[in-house]
Amino acid sequence: MFDYQLSLLTVMGINAIMALSLNIIAGYCGQISLGHAAFVGAGAYTAALLAKLQVPFLVSLFPAAVVAGVLGVVIGIASLRVRHDFLAITTLGVGLLFVGIIRQQPALGGAYGISGIPSHELGKGGFALFVVGIAVVVAVFSIWLKRSWMGTAFDSIADDEDTARIVGIDVPVYKLIAFAMGTTIAGVAGCLYAYQVRFIGPDSFGFVESITILSMVVIGGIGSVWGVVIAAAVLSVLPLWFQFVQDYKLLLYGTLLFVVMRFVPGGIAAMLGAAGRLIGLARAVPASQGARE
Amino acid sequence: MIYVELLVQGVLLGAIYALMAIGLTLVYGLLRILHIAHAAILTLGAYVTVVVTNATGSLALAVVAAALVCGIAGVLIYQWAYRPIIDRPLVALVASIGIYIALEELFRIVFGPYSISFEAQPLDQRLSLIGFSLTAAELVTIFGTTALVLGLATLLGRSRLGTAWRATVTAPQIAVAFGVDLEHVRRLNFLVASVLAACAGAMVAILNNVVEPTMGFVPGYKALAVIVLGGLGNVRGTLVAAILLGIIEAYGTIYLGSVMDRDAIAFAFLVVVLLIRPAGLFSKATR
């Protein structure tokens, strides 16, 4: 009966998980990753291949996460060598390489991808509940992480890497941990995605998708859990709201991205903060705080 | 003689990448902003070239018009979009992407999703050299790019303006202390980058005779690979890296086609180079 709404809820949940996973890498640890969709894709392809081999859904979650996580660590190690400035372009390259290589592998379906992925057997409602459950777990984990010692270490690395090093934080190790965590969660999202849409192709995980996930993080407010979740939900629904301006959909989306970034660079988190201060729910923040991106 | 033909193909590709990448490296070197919208400037240049040529019959006029329009567009993007958020590169990146998407869509809405072409293909006379032939368009691309890059290098290396520019890239505060007008340099930066992109767009339009809304994307992101290889703000290095990439792509398409997509070759090359030389092929000593 509520099929459509359940589908929508599931999509929002999956997007939230993807955005939160990138939030750990880019938001907490300041590593700009423009190829995040590749890790989602790694999880999705793993899950899809396993599903074709009759592996049950719940079991396939783990290999999907592990494959994505291992890939993340490998990329992370490689990117440690790269000059900080160029990390964004390198991750962009990795993302494009992923798509480019997958497209040429007949074993993975080539350009056509893998279709007819079996059902998760949970029913629409059950699956939606499961996805939202995972999203909640990831969100809670993110909040806990932010307040933990590791979160503080991430923060200092994002702020000023060299000073962090001087203070004794093993910067490369923490960066790798951030990568590992973020990509593992992305792999989980990929698995969920594969079961949701039942067919995946290399074009589902390209640059546009990476940018969409990044947009959710930046519009939500880099590093903010609430903001990112809201942004993910809103950006999932937006294309549907824009349905009535069918032809101008993308134009509106691009303009919106630009306008939000230009006028509210702190994203939804900043908007929430400002609203909170207006109502008196939040303390005033000194001008110097939150100046980083 | 296929090797020579592939070489020529590679050099042509490289020329286009060079024009795009030099603009990008100047912007990135100065502001640390990944100017993704630059790809839309190329497309704008291509559209203006075709439309003005079809309307007036003069290619020269069209190219000048394209340079003008794109130059102004680039400076406006800096002024309205990047300047207020200059201290937040990640935000500027997403804003740039938003601008690119919006512009790409505008082109589609105004000119239609299908391609437009020259009514009379310009510069299509063929010249025969030993073993292979070139069209006039291809020659113009090669020599035009050489002229533009040499001109830029001269400007950067031997003029007061160029010195101010290079100073601003290396040490902005000291440059300001010496009286350099930062805003002036930045606007000029975007102007030059956008004019180069306009030329790249015009050349692609003439070479392929197909102009469509998404055409800037692929050269745009390959230019990103080139600026990493060439080293920050290093015009000469970027040029060499661009040509090298073009040649590798031309040969790679034939020999690596079964392993990866043609467009992925650029980044495979980048990844391989970075594994060996993390600072890029030609960067100066890292800070």
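L256(B) sits in the loop between α10 and α11 (265-276) of chain B. Helices here are DSSP runs of H or I with at least four residues, numbered from the N terminus. With a relative accessible area of 37%, L256(B) is partly exposed.

The model is predicted, so local features need pLDDT of at least 70 and side-chain atom pairs count only at pLDDT 80 or more, while totals for chains, interfaces and linings use all residues. Residues are numbered from 1 along each chain as its sequence is written, chains are lettered from A and ligands numbered from 1 in the order in which they are written, and side-chain values use heavy atoms, with hydrogens and water left out.

L256(B) belongs to a nonpolar surface patch of about 600 Å². Patch residues have over 30% relative accessible area and no salt bridge; like charges are joined within 9 Å, and nonpolar side chains (Val, Leu, Ile, Met, Phe, Trp, Tyr) within 5 Å. Accessible areas come from the Shrake-Rupley method with a 1.4 Å probe, and for residues only the protein chains shown count as cover.

Charged pairs were examined next. Side chains of opposite charge can pair when their charged atoms come close. A salt bridge is counted when a side-chain nitrogen of Lys or Arg lies within 4 Å of a carboxyl oxygen of Asp or Glu. Over all chains, the search finds 5 salt bridges.

In chain A, D203(A) and R103(A) form a salt bridge at 2.4 Å, N to O. D203(A) lies in the loop between α8 (171-197) and α9 (207-220), and R103(A) lies in helix α4 (residues 87-103), so the pair ties together parts that are 100 residues apart in sequence. D203(A) is partly exposed, at 48% relative accessibility. R103(A) is also partly exposed, at 24%.

In chain B, E105(B) and R108(B) meet at 2.7 Å, N to O. Both lie in helix α4 (residues 89-111), 3 residues apart, which means about one helical turn separates them. E105(B) is buried, with a relative accessible area of 5%. E249(B) and K222(B) form another salt bridge, at 3.0 Å, N to O. A network of salt bridges links R83(B), E183(B) and R186(B).

Inside the structure, there are 3 cavities of 30 Å³ or more. A cavity is a set of points, on a 1 Å grid over the protein atoms alone, where a 1.4 Å probe fits but cannot get out; lining residues have an atom within 4 Å of a point. Grid points are joined across faces, edges and corners, and a volume is the space filled by probe spheres set on the points.

The largest cavity has a volume of about 90 Å³. Its lining includes L92(A) and F207(A), along with M20(B), H35(B) and F217(B). Helices α1 (2-31), α2 (38-56) and α9 of chain B each give two or more residues to this lining. The largest share, 4 residues, comes from α9(B). By class, the lining of the largest cavity holds 9 nonpolar, 3 polar and no charged residues. Ala, Val, Leu, Ile, Met, Phe, Trp, Tyr, Cys and Pro count as nonpolar, Asp, Glu, Lys and Arg as charged, and the others, Gly among them, as polar.

The second largest cavity holds about 60 Å³ of space. Among its lining residues are Q31(A), G76(A), H84(A), K175(A) and F179(A). Helices α3 (57-80) and α8 of chain A each supply two or more residues. This lining has 5 nonpolar, 4 polar and 1 charged residues.

Backbone angles complete the survey. Most residues other than glycine have a negative phi. R198(A) has a positive phi, near 65°. R198(A) lies in the loop between α8 and α9 of chain A and is partly exposed, at 36%. R32(B) also has a positive phi, near 60°. R32(B) lies in the loop between α1 and α2 of chain B and is partly exposed, at 23% relative accessibility.

Notes:
Buried means under 20% relative accessible area, exposed over 50%, partly exposed in between (1.4 Å probe, protein chains only). On a 1 Å grid over the protein atoms alone, a cavity is a set of points where a 1.4 Å probe fits but cannot get out, and a pocket is an open set with protein on both sides within 12 Å along at least five of seven lines; lining residues have an atom within 4 Å of a point.
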